[in-house]
Amino acid sequence: MLSLRKDRKLFLPYVTGGVVPQWTDHLLALQDAGADAIEVGLPFSDPMLDGAVVQRASDQAIARGATVDAILADLDRIRGDLRVPLIAFTYTNLVERRGADRFCAMLREHGFGGLILPDLPVDEAGPVLAAAGDLDLVQLAAPATPPDRLERICATSRGFVYAVSVMGVTGERDTLTAEAYGLAGRLKALTDLPVLLGFGISGREQARQAGAVADGVAVGAAVMRRILDGATPADLGTLATEIRAGLDSAQV
Amino acid sequence: MDVAVRPQAATVMREPSPAGRFGEYGGRYVPESLVPACREVDEAFRAAWSDPRFRSQLTGLLRAYAGRPTALTPAWRLSAELGVTVLLKREDLVHTGSHKINNVLGQALLARRMGKKHLLAETGAGQHGVAAATAAALLGLGCTVFMGERDIERQALNVHRMRMLGATVVPVTTGSRTLKDACSEALRHWVTTVDDAYYCVGSVIGPHPYPWMVREFQRVIGDEARAQCAEHLPAGTPDYVVACVGGGSNAAGTFAGFVDTPARLIGVEAAGGAPLSDGVPGVLHGFRSQLLQDDDGQVREAHSLSAGLDYPGVGPEHAYLRDLGRARYVTADDDEAVAALHRLARTEGILCALESAHAVAWVLRAAGTPELPAGSTVLVTLSGRGDKDMPTLMGETC
């Protein structure tokens, strides 16, 4: 079960597991710089909803031998230092391969509180929901989602609702679109769960804008681009501090 | 075996469940962003397919433009050599040179009916890309084709054809840079262009309703062949019906015409890309089926000399037909396919595609054995012609 803070806007950075040898140092740096939970990407060979940066990170991690077991073992080594919840972000085939029961049990045993499967729409989620138990299966909503589906997504989602801010794939963008504001607003009217905006949030100003309409942000490509370019944990800390500051300055 | 499967014959290869399931396979595993678009295609197809005006438009195009019905050619000399009666369903004779045009004309008409302005397509060998570019030109639609960088190098001729027909060919540089990555990239692009663009899937794969819809558009192969067999064969139907399987659209279309007969249905996969022999259940490109993958769930690349069979997954309905025992799936390797292509050329004067040659290869191997006893009648679908494969067969890298 995800226990997320309610006293401030939430910052959820994403890191592809195993992308570089010291990837867990990046996790801890993000935690220290104000992350409220961390999405750990379990890389998939064919990530349908990811743009170029996360695709490259996934390929690099897989080429490095980042299996699910290896990633979980890396995380076990820093478990004593982790204070924020972990959320797995992966694709349905990794769950299928082990079977939903085994996969969900494994994540729970390794301390995960939530799971995001971007290619598993609510209509197909039954078997994973049945296996999830305490693991919160987070549902995604998109700008094109009609009202009846938004209701169903909100009723099914656990932990928070992930509002996909653009009709597009993951990746950095310059501005937060009108459709992001609209979607966040519609979701807030339907649910008491936190509503987090993701896809394209890459800096302080967008975090501030997002914080005004939603309960927080998920940030992936902006983090992963820096890691792929050789950023140190301290460099990531700088980015995280910026986004934290943007969220904290949001006028609700 | 036939006696056991006949009771199911009446219900298989009809409409899948509303969720797009063929048994445990199929479904719609797409990002939420694409769910409304898939539903829109589903509703539009249902309406069009039950609209006699749409049907007659499509039939008219298939006749006057694509050149249907295609011939059913008795392979006299090959039959005499093998001791079985071989009938060839000649999809190599349709416009653009392969069965892909059957599906593409249907989907392009549907796209226009839905008010879409642009077709998106993925392609491996380029046959579906060429067909999509052709239909787009015919109906005045734009066309963007996603093609792996490696396939672009291997299939230069088809790239030129697509461009000449007015399509934009987008090289895909990620992953294995082949068909599987072209599919992923086409889906990613569709997310961003969903209002104006229609994703024209090239095989019986993808999220619901595509596997069902593409099979229905390819059903014309099997329906024609069934009627032609009734004229040619004393028994009315062949003992065996054989087709190659990559994604599986020509096989699905062929099988659909014979699934309710006693004919044994045989699908032939490439040995280097045979999810129905070597795969396990998995989810890729929006559907659940048998899939080549490792223990962690990473998709394995297929390896076949024929780019059209170079796909790690297979249409969900084929996985279902296999599990039911209604169809049997076997493999042929590169060498067998090349040998079969040569033999068909020399005995019948037909240069078929490398993909189709896999189906012929099984017949050559099985004829006279208990798998295909002497005296049997066998229908083989030739999915396309071999012109595109000449550089490969000549040992060139084009």
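Two residues are in contact if their C-beta atoms, placed from the backbone, lie within 7 Å. Residues are numbered from 1 along each chain as its sequence is written, while chains are lettered from A and ligands numbered from 1 in the order in which they are written. The model is predicted: local features need pLDDT of at least 70, side-chain atom pairs count only at pLDDT 80 or more, and totals for chains, interfaces and linings use all residues.

**Exercise 1. The barrel of chain A**

Task: In what order do the eight strands of chain A close into a barrel?

Solution. 
1. Two strands pair if DSSP finds at least two bridges between them.
2. The order is E1-E2-E3-E4-E5-E6-E7-E8 in chain A, with parallel pairing.
3. Inspect one pair. E7 (195-198) and E8 (216-219) of chain A pair in the parallel sense over two bridges. A:Leu196 stands opposite A:Gly216 in E8(A).

**Exercise 2. Helices packed on H11(A)**

Task: At what angles do H9(A) and H1(A) cross H11(A)?

Solution. 
1. Axes are lines fitted to C-alpha atoms, for helices over the stretch in contact, and angles run from 0 to 180 degrees between N-to-C directions.
2. Take H9 (204-213) of chain A. The axes of H9(A) and H11 (233-248) of chain A come within 7 Å and cross at roughly 30°.
3. Name the hand. A crossing is left-handed if the near helix is turned anticlockwise from the far one by less than a right angle, and right-handed if clockwise. H9(A) passes H11(A) in a right-handed crossing.
4. List residues. H9(A) uses A:Arg204, A:Glu205, A:Ala207, A:Arg208 and A:Gly211, against A:Glu242, A:Ile243, A:Ala245, A:Gly246 and A:Leu247 of H11(A). By class this contact has four nonpolar, two polar and four charged residues.
5. Take H1 (23-32) of chain A. Its axis comes within 8 Å of that of H11(A), and the two cross at roughly 35°. The crossing of H1(A) with H11(A) is right-handed.
6. List residues again. Among those from H1(A) are A:Ala29 and A:Leu30, and among those from H11(A) are A:Leu236 and A:Ala240. The contact of H1(A) with H11(A) divides into six nonpolar, two polar and two charged residues.

**Exercise 3. A helix pair in chain B**

Task: How do H5(B) and H10(B) pack?

Solution. 
1. Read the pair. H5 (100-113) and H10 (210-232) of chain B pack at an angle of about 130°, with their axes 8 Å apart.
2. Classify. Angles under 35 degrees count as roughly parallel, over 145 as roughly antiparallel, 65 to 115 as roughly perpendicular and the rest as oblique. H5(B) and H10(B) are therefore oblique to each other.
3. The crossing of H5(B) and H10(B) is right-handed.
4. Look at composition. Residues in this contact include B:Gly106 of H5(B) and B:Phe217 of H10(B). The contact of H5(B) with H10(B) has four nonpolar, five polar and no charged residues.

**Exercise 4. Backbone details of chain B**

Task: Where are the cis peptide bonds and positive phi values in chain B?

Solution. 
1. Check omega. B:Arg68 and B:Pro69 are joined by a cis peptide bond, omega about -5°. B:His208 and B:Pro209 are joined by another cis bond, omega about 15°.
2. Check phi. B:Met13, not a glycine, has a positive phi of about 60°. B:His285 has a positive phi of about 55°, in the turn of the hairpin of E11(B) and E12(B).

Terms used. Helices (H or I, at least four residues) and strands (E, at least two) are DSSP runs, numbered from the N terminus. Ala, Val, Leu, Ile, Met, Phe, Trp, Tyr, Cys and Pro count as nonpolar, Asp, Glu, Lys and Arg as charged, and the others, Gly among them, as polar.
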